[in-house]
Amino acid sequence: MFYAPVLFKTLGFGDDASLMSAVITGMVNVVCTAVSIYSADRFGRRILFLEGGIQMIISQILVAVMIAINFGTNGVGEMSGSTANFVLFLICAYVAAFAWSWGPLGWLVPSEICPLEIRSAGQAINVSVNMFFTFFIGQFFLTMLCHFKFGLFLFFAGFVVIMTIFIYFFLPETKNVPIEEMNTVWKAHWFWSKYIPDDAVIGVETHTA
């Protein structure tokens, strides 16, 4: 999103086409974020995370393959119009998946999983980590693109694989769960239950009763 015009121009798009492609991906981002707003409380967080993650992985790998075929390891080559349009479609597919999963839910889920006692501290950590790595990627993306070339997309796809596996095994569904009862969700989880004391859940149940 930061370097969309530069990225598209690097892939062989003209100046006007690069700018228009960036506008298209921006519009996809806005529309698909609205999809997340509509879907998160209807279908749940996990399904959006998992579907979005899988779609992001596939898109990244296919973009890497297309760049590898057309530019190789030395970064020299060109794309036909149809190939460039297909790459644009893949990037839009990636942006769409991110916009209805990791984009908004990366802010929503951390804000609702912490008990009230530590919610502010948990959210502060989430925001700090998010901003730090946003800054890191913003500073080094172009340098990494020059050195890794198509491998950069495989590099990020690898992270999305780890993220998606983490969601599958370690994130319980939090849809329609009041924040006061969140400890009950963690206590029922196969891994996190060992970190939730019994009195935390009993206290919630007693209060609810």
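Modeller: Contact here means heavy atoms within 4.5 Å, and 15 residues of domain 1 are in contact with eleven residues of domain 2. This is a predicted model, in which local features need pLDDT of at least 70 and side-chain atom pairs count only at pLDDT 80 or more, while totals for chains, interfaces and linings use all residues. Residues are numbered from 1 along each chain as its sequence is written, and side-chain values use heavy atoms, with hydrogens and water left out.

The domain bounds come from an automatic or database domain assignment, which gives domain 1 (3-175) and domain 2 (177-208). Their C-alpha centres lie 33 Å apart.

The two domains bury about 1,000 Å² between them, 71% of it on carbon and sulfur atoms; buried area is the accessible area (1.4 Å probe) that two parts lose on being put together, summed over both. On the side of domain 1, Ile113, Phe170 and Pro172 lose the most area to domain 2, together 42% of what that side buries.

Between the domains the count is zero salt bridges, a salt bridge being a side-chain nitrogen of Lys or Arg within 4 Å of a carboxyl oxygen of Asp or Glu. Six residue pairs, both at pLDDT 80 or more, are in polar contact across the interface. Such a contact is a pair of N or O atoms within 3.5 Å; within protein, one must be able to donate a hydrogen and the other to accept it, and residues adjacent in sequence count only if both atoms are side-chain atoms.
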